[in-house]
Amino acid sequence: MKKRTGEEYELSPIKLWSPLQRRLAATGQTKGTPQQWIGTIRNLQQKGVTAVEIKWSNIIPALEKHPARPLHLDELLAFLKHDPPCELVLQRHVTDEYLPLVRYEKQQRPSELPAIVVRRGRREVRLLHYADRSFGLCIWLHVEVDAGLFGRNRYWSFSVPRGRKKLASHPVERRFATAQEAMAYGRMLVERMARRLATEGFVGQTRSRNHFTRYVLPGGANYTEWLITAPNLSAQYWGPHFDLPNIVAHVRSTERTTPAGARLLVLEEIQSDWNQELRALIQEARRRQPIDDAAVDSFDWDDDLQPPPFNPYLNHWLEVALRMMLLLAASREFSGIAWLPGRLHAERFPWANADGLKAFYDRIVPAAVEKLIRSWGAQLVEAPLPTLSRNFEVRKVASTKRWRVFHRESGRPSDEEFFDQDTAEVFRRSLEVPAVERIPAVYLSDEMTVDMRQHGLPYLGAVGPRQAVRASTA
């Protein structure tokens, strides 16, 4: 039996490379005094090495303090390769804990009603209302045939026609006042079974342990929260969303297939808590008094402004996030990458700045992607993705701890109330109908995929000209 390992952060083998290290190694210069090397390194900016990487590498101050004796190229490369501050790591939170997922599906009403039966002296009809295929859970709707003083009484029951002994050693049939209570009871039985199996050492497959599954466009698979971190920085930043330091950017993704069969890595969200917090404080400081860009990290901040530590990607976090996702798509042989337009984010996060979301996902992200793929001659297109309609939304009932589903246009609420938002969200999705959403995308040709897998991408600076290819569409 597999031994439990619990939770951990799994490192991806995908990495961006250092232009400074590569360009310095390719100069042909093998020896020089510290001052000669300083001149060589500064001249590398003409070959695509950024001033940001040179500054954060700390190699210029180290050379200035070094004795005047000649240094070999290998000594400089060893210095640069030892915990480089600009190095980025792609991670995801994983677990092998057995966490079974119950998916209730609403059943269609039969064209003919089943036979009337008598239970507890009352005539009623029983209909299968919800069912879960994984564990054989059934939620039945019982409706009395004869109307009483307060109309026809109805209730729900729970049963497991097959495999009941796997869930519990005792009978599990119950009656409930609402379908939601019956579904919650079924989930509770499955969770108890999972805990029992865990004590016996049973574990599941290693998979992503995600925190924000609620904010995903319906229809995707393999939802993952990717964390791009800078582990070698001396100072640490802890953001509000994940228990991991120095997250330069995080990307939430799903895998989807177009009607034509193209597999796409869809970026559900791209965000940087660290750099967004930094930029907000810099803007506030500039509002109070002018700050030169070159001196912003050494600025004398007001006491009430406490900026987080600076990092090399203040103005480049979106670029590295897109490069990392493009490499991920190429390494896993996706047909391309796509991202959700701003209007979907505005719907998903009604408390956020809608105009800001639309500007970011409809203008800033496409511009960054176009700049990146220009090296291969690829172009932006639109991709059709099967999903669900968004005719309903979940809201909290005022002055209560319950949730209801409302029709977006009419504002009419559903009859059912729910004790938690996640259960209400499951019910909302059961009311939606199939739909197709067109979102911006980039398709990767075979040549483009091979080029990225063989040569990778730099973490700072221009990608440079690559073999021109014709981007396909699907």
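**Cavities, a pocket and a helix pair**

Author: Lining the largest cavity are Y237, G239, P240, H241, F242, L244, I247, H250, D273 and W274. Here a cavity is a set of points on a 1 Å grid over the protein atoms alone where a 1.4 Å probe fits but cannot get out, and lining residues have an atom within 4 Å of a point. This is a predicted model, in which local features need pLDDT of at least 70 and side-chain atom pairs pLDDT 80 or more, while totals for chains, interfaces and linings use all residues. Residues are numbered from 1 along each chain as its sequence is written, and side-chain values use heavy atoms, with hydrogens and water left out.

Reader: What volume does the largest cavity have, and how do its lining residues divide?

Author: The largest cavity holds about 60 Å³, a volume being the space filled by probe spheres set on the grid points, which are joined across faces, edges and corners. Its lining has six nonpolar, three polar and one charged residues. Ala, Val, Leu, Ile, Met, Phe, Trp, Tyr, Cys and Pro count as nonpolar, Asp, Glu, Lys and Arg as charged, and the others, Gly among them, as polar.

Reader: How many cavities of 30 Å³ or more are there in the whole structure?

Author: The search finds two. The second largest cavity has a volume of about 40 Å³, and its lining consists of N222, T224, W226, S253, E255, L265, L328, R332 and F334. Two or more of these residues come from each of β12 (221-229) and β13; β12 gives the most, with three.

Reader: And the second largest pocket, what lines it?

Author: Its lining has 28 residues, of which I270, Q271, Q276, L357 and F360 lie nearest the centre. A pocket is an open set of points with protein on both sides within 12 Å along at least five of seven lines. The volume of the second largest pocket is about 660 Å³. The largest share of the lining, six residues, is from α11. By class there are 15 nonpolar, ten polar and three charged residues.

Reader: Switching topic. How do α9 and α13 cross?

Author: The axes of α9 (residues 317-331) and α13 (residues 446-455) come within 9 Å and cross at roughly 110 degrees. Axes are lines fitted to C-alpha atoms, for helices over the stretch in contact, and angles run from 0 to 180 degrees between N-to-C directions. The two helices, α9 and α13, are therefore roughly perpendicular, a term for angles of 65 to 115 degrees.

Reader: Which residues meet there?

Author: From α9, L326, L327, A330 and S331 meet T449, M452 and R453 of α13, where contact means heavy atoms within 4.5 Å.

Note on methods. Helices (H or I, at least four residues) and strands (E, at least two) are DSSP runs, numbered from the N terminus. Angles under 35 degrees count as roughly parallel, over 145 as roughly antiparallel, 65 to 115 as roughly perpendicular and the rest as oblique.
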